[in-house]
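This report describes selected packing features of one protein model. Please consult the sequence and the coordinates alongside the text.

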Amino acid sequence: ELFREVVRIYPPLLPVCEPVQGSDIDARKAPSLSELRLHQSTVWLWNRPVYDDVNGGHLRIEMRALPAGPTAVDMVANAAFLIGAAEGIRPQIETLLPALPFSLAEYNFYRAAQHGLDARLMWPSFLQAGYREHTIIDVIAQILPLAQEGLSRIGVSSSESDRYLGVIEDRLRKKQTGSIWQLKKLQELHRESTLDAAQHGMLEVFMRHSEANLPVAEWPL
């Protein structure tokens, strides 16, 4: 369905055609499908289907909602939280879904993108009657124990889940994400220099902390 959507909805940007015809495809090998792969490389969906013919061929779905960086440890923590939360919520998903129609999910998406850790979301509860706003920090704090249960259910050790979910907890406690740190650091440096110099200075410090793989909640200001 995802591949069909990519082909039918999005016009090709690069008119490069594959000389190989369908009748020329070797049934013993994964087909290259180079035209599809080229077109697919120009379309970036939130859940992005990927086909590759390398090493016998494979299919995967990239979950692109996961933020990149600012450090490797932060990215692993994000993935642990997402996967753990999905597994933790799964047994109760049929109870929760009727309380979160798509229009509210879309509303939450934009509030979170605009306001980060200051966002207020419409979030379902098991005893819900009507809608109620919650701070995004409260929502994440409520989900963290479920994420711990979910990771345990799929065989992640408690020491590993404690480590990575602890990175998320630190962000909540200190109210510091990558974007929050960048804005605050830029304001701090801009008080003593031009905006151009402050931007360069912020980027240099950013790169240093990122290369040190220090969780962003621990980046000093």
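## Aromatic pairs

Tryptophan 181 has a relative accessible area of 0% and is therefore buried. The model is a predicted one. Phenylalanine 206 is likewise classed as buried, at a relative accessible area of 18%, because the cut-off for burial is under 20%.

The structure contains five aromatic pairs. In one of them, tryptophan 46 and phenylalanine 109 adopt an edge-to-face arrangement, with 5.4 Å centre to centre and 75° between the planes. This pair connects distant parts of the chain, 63 residues apart: tryptophan 46 belongs to the loop between helix H2 (34-40) and strand E1 (47-52), and phenylalanine 109 to helix H5. Phenylalanine 109 has a relative accessibility of 41% and so counts as partly exposed. Tryptophan 181 and phenylalanine 206 form a tilted pair, 6.2 Å centre to centre with 55° between the planes. Since tryptophan 181 is in helix H8 (residues 178-190) and phenylalanine 206 in helix H9 (residues 195-211), the pair ties together parts that are 25 residues apart in sequence.

## Packing of H3 and H7

Two packed helices are described by the angle between their axes and the distance between the axes. For helix H3 (residues 72-89) and helix H7 (residues 158-174), the angle is about 100° and the axes are 8 Å apart. H3 and H7 are therefore roughly perpendicular to each other. On the H3 side the contact involves Val73, Asp74, Val76, Ala77, Asn78, Ala80 and Phe81, and on the H7 side Arg163, Tyr164, Leu165, Val167, Ile168 and Arg171. By class, the residues of this contact comprise nine nonpolar, one polar and three charged.

## Nonpolar cores

The largest nonpolar core comprises 21 residues, and Phe81, Ile136, Ile140, Leu144, Leu165, Ile168 and Leu172 have the most contacts inside it. At least two residues of this core come from each of H3, helix H6 (136-153) and H7. H6 provides the largest share, eight residues. Beyond its neighbours within four places in sequence, phenylalanine 81 contacts Ile140, Ile143, Leu144, Ala147, Leu165 and Ile168. Another core, lying apart from the largest one, has eight residues, including Ala198, Met202, Phe206 and Trp219.

## Surroundings of leucine 100

Leucine 100 is located in the loop between helix H4 (93-96) and helix H5 (102-115). With residues up to four places away in sequence excluded, leucine 100 touches Ala105, Asn108, Met122 and Pro124.

Technical notes: Residues are numbered from 1 along each chain as its sequence is written. This is a predicted model: local features need pLDDT of at least 70, side-chain atom pairs count only at pLDDT 80 or more; totals for chains, interfaces and linings use all residues. Side-chain values use heavy atoms; hydrogens and water are left out. Axes are lines fitted to C-alpha atoms, for helices over the stretch in contact, and angles run from 0 to 180 degrees between N-to-C directions. Helices (H or I, at least four residues) and strands (E, at least two) are DSSP runs, numbered from the N terminus. Angles under 35 degrees count as roughly parallel, over 145 as roughly antiparallel, 65 to 115 as roughly perpendicular and the rest as oblique. Contact means heavy atoms within 4.5 Å. Ala, Val, Leu, Ile, Met, Phe, Trp, Tyr, Cys and Pro count as nonpolar, Asp, Glu, Lys and Arg as charged, and the others, Gly among them, as polar. A nonpolar core is a set of buried Ala, Val, Leu, Ile, Met, Phe, Trp, Tyr and Cys residues joined through side-chain atoms within 4.5 Å. Buried means under 20% relative accessible area, exposed over 50%, partly exposed in between (1.4 Å probe, protein chains only). Rings of Phe, Tyr and Trp (its six-membered ring) pair if their centres lie within 6.5 Å; planes under 30 degrees apart count as stacked, over 60 as edge-to-face and the rest as tilted.
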